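Here is a short briefing to read alongside the model. Have the sequence and the structure open as you go through the points.

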Amino acid sequence: MEGAQEPTRLVLIRHGQTAWNVATRIQGHSDEPLNEHGHWQAAQTAQVRADAGFAAIYTSDLARARDTALALARAQPAALAPVDVPGLRERHFGSFEGATFQEIDTQWPQAAQSWRQRELDFAPPGGETLVQFNARVLSAVTLLASRHAGEAIAIVSHGGVLDCLYRAAVGVALNAPRSWLLGNASINRLLYTGRGFTLVGWAQDAHLEPQPGALV
């Protein structure tokens, strides 16, 4: 079949928690590190995927994703250094970055409404539109997946990036309201065949439930 290839198995992992996640601050391209719980989440995710047999681990070059990817790489049986891919960065939110949801509503009420309504051509001042962001993400991930026909790869990235990929896999419009989870350090799985993405599993997070008495 024209355009088809042996499937690439994609394991998509959102970075662990950061202090800005807890405070509901928009991160975007701001380089916030994992907090203590985020490091724990990364370690738990790495443990559950330790025998995945990845051909490669690709990561956003922002610290919160890279540190999550490094934990995953350390758990693999063979040495596997994560590869930085700037195209896997979160959406650039311009002047929104560092602000909480409430602060955005207060300081930029009109822009906040456009953002919340997912207007396709709206960009926060200095940031990306949804259309620009989605095109960047799909281009980057399609290129990576096309290199690994018949193999499994890990992609460690951000909530917005995973959202774009979910929509592409199930055919949900870019401006439709979101009804699926994008949890920190969750595990999500797609297939890529050269003709597009297919959903296999989403929002696996049982590995993030601590054992009774565990300190996290």
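Let's start at one serine: leaving aside residues up to four places away in sequence, S114 touches E119 and F122, where a contact means heavy atoms within 4.5 Å. This is a predicted model, in which local features need pLDDT of at least 70 and side-chain atom pairs count only at pLDDT 80 or more, while totals for chains, interfaces and linings use all residues. Residues are numbered from 1 along each chain as its sequence is written, and side-chain values use heavy atoms, with hydrogens and water left out.

**Around S114**
- S114 is part of helix α5, which covers residues 109-116; helices (H or I, at least four residues) and strands (E, at least two) are DSSP runs, numbered from the N terminus.
- Because its relative accessibility is 14%, S114 counts as buried (under 20% relative accessible area; exposed is over 50% and partly exposed in between, with a 1.4 Å probe and protein chains only).
- F122, one of the residues S114 touches, also belongs to a cluster in which ring pairs link F93, F96, F101, W108, W115 and F122.

**Aromatic pairs**
- The structure holds eight aromatic pairs; rings of Phe, Tyr and Trp (its six-membered ring) pair if their centres lie within 6.5 Å, and planes under 30 degrees apart count as stacked, over 60 as edge-to-face and the rest as tilted.
- Y166 and W180 form a stacked pair, 4.4 Å centre to centre with 20° between the planes.
- This pair links distant parts of the chain, 14 residues apart: Y166 sits in helix α7 (residues 159-170) and W180 in the loop between α7 and β5 (187-192).
- Both Y166 and W180 are buried.
- The ring centres of Y192 and F197 are 5.1 Å apart and their planes are at 50°, so this pair is tilted.
- Y192 and F197 are both buried as well.

**Overall fold**
- The protein has seven helices and six strands, and from the N terminus its elements run β-α-α-β-α-β-α-α-α-β-α-β-β.
- With a radius of gyration of 17 Å, close to the 17 Å given by the globule rule for 216 residues, the protein is as compact as a globular protein of that length; the radius is taken over C-alpha atoms, and the rule is 2.2 Å times the number of residues to the power 0.38.
- Along its principal axes, the C-alpha trace spans about 55 × 50 × 25 Å.
- Buried residues make up 50% of the 216 residues.
- Of the contacts with a separation of 6 or more, 73% are between residues 24 or more positions apart.
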